[in-house]
Amino acid sequence: MTMQENNDSPELRQDRQHVWHPCTPLRDHENLPPLLIDSADGIYLKDANGARYMDLISSWWVNLFGHNHPKINEAIEDQLKRFAHVMFAGITHRPATRLAERLVEHTPPNLTRVFFSDNGSTSIEVALKMSLQYWKQRGKPEKKRFLYLKGAYHGETLGALSVCGIPLFREKFEDVLHENIEVEGPDCFRCPYGLKRESCNAECFEPFEKALEEHAEQTAGAALEPLVQGAAGMKMYPPVYLKKLQAACDKAGVHTIFDEIAVGFGRTGSLFVCGAHELQPTFLCLSKGLTSGYLPLAATLTSEEIHSAFDGGFETLNWFAHSHSYTANPLACSAANASLDLFGEEGFWESLQSKVEAIGRGGERLQDLPWCGEFRQTGMIAAVELVQSKDGKIAFPFKERIGYKIYAEGLKRGVFMRPLGNVLYFMPPYIITVGEIERMVEIARDSIVAALRT
């Protein structure tokens, strides 16, 4: 059994009557109801009828070490015996102080301060607000705009949307968004220079360089997703682009905001992109895999220089007046500490590399498909961009809903995938085996063929 048989169960009737699902056209669930998940273990989701589905996208990129992990479960249970929550203003606790210390230890040396919040969008909001307030308190209130890349995605709260480069998310809210500056970013699959990401010198950095020259005096910071632009379709670009951006922003006196919400915690093959490439962003935003998908938590890391601009007393009003009821929730911090412990287990990184290589070999099985425009991979993130014409790199029309068709075919075969338009991607939990990777690729291939040959 690989699909739900009872689509008219009481739970699904309640779902149709009362639940509003995120990022889902409402009519989709009329044709294909949501999976009614009853339990989950490892890389598998199990529905109410006993059917199992491989979770190939880690439940929206958060579940690093699989569902129902015993060590993370134990850490949460131990903390639950002490206390579940306490406010974080005027109070601190060991799970948070330990987590902050460990994040500082594992990130670039300039990042010494950790501000906790509760989701990725908010971690971006915190960085934007800190940057704006910093410049105002340093006597440069004119620095109040941000540069961002076309295709960028940093969340869906209004501040984060103001640095979003995807019309689908922002166009309905343009009238209330802060006026920031969109810059043409890297597009290695359709490189206008005809170069390859493996050997280029990021010639595509030129538009950003020009924007910086023109707007530096009004620019507070620049936000970007290092190496992989996720929601844009897992667009991947080389590290040299990041190095050019860091150098240019440092020279111009512009903050850098690295959004490693999706690409941090081992996704690109190292714990953090900025650390692996010896970069020192002004702000580093983390969430998603921070608790391995167990509980909402986010962190914005920054430097002593930024922190020092907020050192006045209550009467000065220059402190950072930003808070959340669930800031540094002890259960979430305990889950995050347990997740970090798993990265330190003997043989973890060697095992991860073998899986990276297995995904790469799987990509070779997909490249010969007539619709495969490109297979691309950065660490444990891989993607297939599907096209009508390989030679012209012509995408399928949006109205054909290629991704939805592949999603439906995948469910029939026992896998849960959620393509981004014409891009089918893989971001599985790290506990996936090489054998499961091979099965993942074969089922994905079969699903593509079934969807596109009809």
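This note comments on a predicted model, taking its sheets, helices and annotated positions in turn.

1. Basis. Residues are numbered from 1 along each chain as its sequence is written, and side-chain values use heavy atoms, with hydrogens and water left out. The model is predicted, and local features need pLDDT of at least 70, side-chain atom pairs count only at pLDDT 80 or more, and totals for chains, interfaces and linings use all residues.

2. Seven-stranded sheet. An open sheet of 7 strands runs in the order β4-β12-β11-β10-β7-β5-β6, and its pairing is mixed. Its edge strands, β4 (113–117) and β6 (181–183), each pair on one side only. On average, neighbouring strands of this sheet are turned by 20° against each other, direction ignored. Strands are DSSP runs of E of at least two residues and helices are runs of H or I of at least four residues, both numbered from the N terminus; two strands pair if DSSP finds at least two bridges between them.

3. Detail of that sheet. Strands β11 (residues 283–286) and β12 (residues 298–302) run antiparallel and are joined by 4 bridges. Helix α9 (residues 206–215) lies across β5 (145–149), β6 and β7 (219–224), and runs at about 175° to β5. Axes here are lines fitted to C-alpha atoms, for helices over the stretch in contact, and angles run from 0 to 180 degrees between N-to-C directions.

4. Helix α5. This helix (residues 94–106) has 13 residues and reaches 18 Å from its first C-alpha to its last, close to the 18 Å expected at 1.5 Å a residue; the expected span is 1.5 Å times one less than the number of residues. P95, A96, L99, A100, R102 and L103 of α5 are buried, and the buried residues of this helix pack against α4 (70–82), β4, β11, β12 and α13. Buried means under 20% relative accessible area, exposed over 50%, and partly exposed in between (1.4 Å probe, protein chains only).

5. N337. This residue belongs to helix α13 and counts as buried at 4% relative accessibility. Leaving aside neighbours within four places in sequence, N337 is in contact (heavy atoms within 4.5 Å) with P95, R98, L99 and R102.

6. Four-stranded sheet. A further open sheet, of 4 strands with mixed pairing, has the order β1-β2-β3-β16. Because β1 (37–41) and β16 (415–416) each have a single partner strand, one side of each is left without a neighbour in the sheet. Strands β2 (residues 44–47) and β3 (residues 52–55) are antiparallel and joined by 3 bridges, and Y44 stands opposite M54 in β3. Helix α16 (residues 434–452) packs on the sheet, touching β2, β3 and β16, with its direction at about 100° to that of β3.

7. Annotated positions. An unreviewed UniProt entry places the feature "binding site" at G120, S121, D259, H324 and S325. These positions are spread over 206 residues of sequence and also in space, up to 23.2 Å between C-alpha atoms. UniProt positions are given in the numbering used here, feature names are shortened, and annotations may be inferred rather than shown by experiment.

8. S121 lies in helix α6 (residues 120–137) and is buried, with a relative accessible area of 17%. Not counting residues up to four places away in sequence, S121 touches H154, G155, E156, T157 and A160. S325 lies in the loop between α12 (304–308) and α13 (330–343) and is exposed, with a relative accessible area of 59%.
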